[in-house]
Amino acid sequence: MALTLYVDTARWRAHHKHVQEQFPGLVPVCKGNGYGFGHERLAEEATRLGADVLAVGTTYEAARIKDWFSGDLLVLTPFRRGEEPVPLPDRVIRSVSSIDGIYGLVGARVVIEVMSSMKRHGVSEQELAQLHAAIENVRLEGFAIHLPLDRTDGSDAVEEVIGWMDRLRAARLPLHTMFVSHLKAEELVRLQQQFPQTRFRARIGTRLWLGDHEATEYRGAVLDVTRVSKGDRFGYRQQKAASDGFLVVVAGGTSHGVGLEAPKALHGVMPRAKGVARAGLATVNRNLSPFVWAGKQRWFAEPPHMQVSILFVPADATEPTVGDELVAHLRHTTTQFDRLVDC
């Protein structure tokens, strides 16, 4: 009995090909928990796509993935002096976002990140004059710009990239390759047309692996079902059942990521109102689970345990049976499955 990730493999891979056609020369991204699929599986899928470069989050991820992917590995986290040294092959490319970082990578293959409107990290316009001397002792693979997902000020992503291309060109820096993130296909076309001598390579993770929501589905197996009456005590905290119904023990707990939720940026009155309502319910121990039974998302009977969750299903609903599977609406990037089934 397990929390299972079911993958409609043909549909999933068809989506990969569609994205690849939209973004020629794309660099697949495999970081964190491998977008819910695991590093080994995504390395295999990147190889299937014919990718020559796979982007990973950290040097530790590169050390693990190097045995599963034979092409180049681009580490997205910028190099910092004093970081723990991790033995890596020469086919690993390091991102760097400071002049000092470049001087700390003598002889290495590097991609230089420029400071975008994200304001996360990157070389500034004022530092460009220092790059000529700095890059003499490294093997420059190109520049990179990481763009925001939302542009609430109405600015144009393409214009931001063009601005940096013009600055780099004015500084007489090599512009053979530019790695970009969070651009639309048509925006990439515009850039390629304006700068035909530069190869633009889109680093894509979420859109590639998770862009077709119907291609994957999590399901948790029912392990036990216990009938309870109103007032019966149950669980670790011995709470009382609010009404007659069933306690349903389902595979999937905190070790799987069930009950964990990344903070969301809320826009508009209705989403904010729903957020306030959820917070209010949580103060009286009413938390909606990600599991669905009989067409409805069911409530946690109590906070999820390490490997299972206990749900409350009211008596007027169909009684689940051991072995049934409940669809679970889980975030891929925070979920660890017990097994993956291609179907």
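This is a predicted model: local features need pLDDT of at least 70, side-chain atom pairs count only at pLDDT 80 or more; totals for chains, interfaces and linings use all residues.
Visitor: How should I read strand pairing, and what is the strand order in the open sheet?

Guide: Strands of a sheet pair through backbone hydrogen bonds, either parallel or antiparallel. Here the open sheet has eight strands, paired in parallel. The order runs S2-S9-S8-S7-S6-S5-S4-S3.

Visitor: Which strands stand at the edges?

Guide: Strand S2 (27–28) and strand S3 (53–56). Each has a single partner strand, so one side of each lacks a neighbour in the sheet.

Visitor: How many bridges join S2 and S9?

Guide: Two, in the parallel sense; S9 spans residues 199–204. Look at Val27: Arg203 in S9 stands opposite.

Visitor: Which strands does helix H6 touch?

Guide: H6 (residues 157–170) packs on the sheet and touches strand S7 (139–146), strand S8 (177–181) and S9. The directions of H6 and S7 make an angle of about 145 degrees.

Visitor: Now helix H2. Which of its residues are buried?

Guide: Buried here means under 20% relative accessible area. In H2 (residues 39–48), that gives His39, Arg41, Leu42, Ala43, Glu45 and Ala46.

Visitor: What covers the buried residues of H2?

Guide: The cover includes helices H1 (9–22), H3 (59–65) and H8 (206–210). Strands S2, S3 and S18 (339–342) also contribute. Just after H2, check Gly50: its phi is positive, about 80 degrees.

Visitor: Which residues does the UniProt domain annotation cover?

Guide: The unreviewed UniProt entry places "Alanine racemase N-terminal" on residues 8–153. That span is 27% helix and 19% strand, with its end C-alpha atoms 39 Å apart.

Conventions. Residues are numbered from 1 along each chain as its sequence is written. Side-chain values use heavy atoms; hydrogens and water are left out. Two strands pair if DSSP finds at least two bridges between them. Helices (H or I, at least four residues) and strands (E, at least two) are DSSP runs, numbered from the N terminus. Contact means heavy atoms within 4.5 Å. Axes are lines fitted to C-alpha atoms, for helices over the stretch in contact, and angles run from 0 to 180 degrees between N-to-C directions. UniProt positions are given in the numbering used here, feature names are shortened, and annotations may be inferred rather than shown by experiment. Buried means under 20% relative accessible area, exposed over 50%, partly exposed in between (1.4 Å probe, protein chains only).
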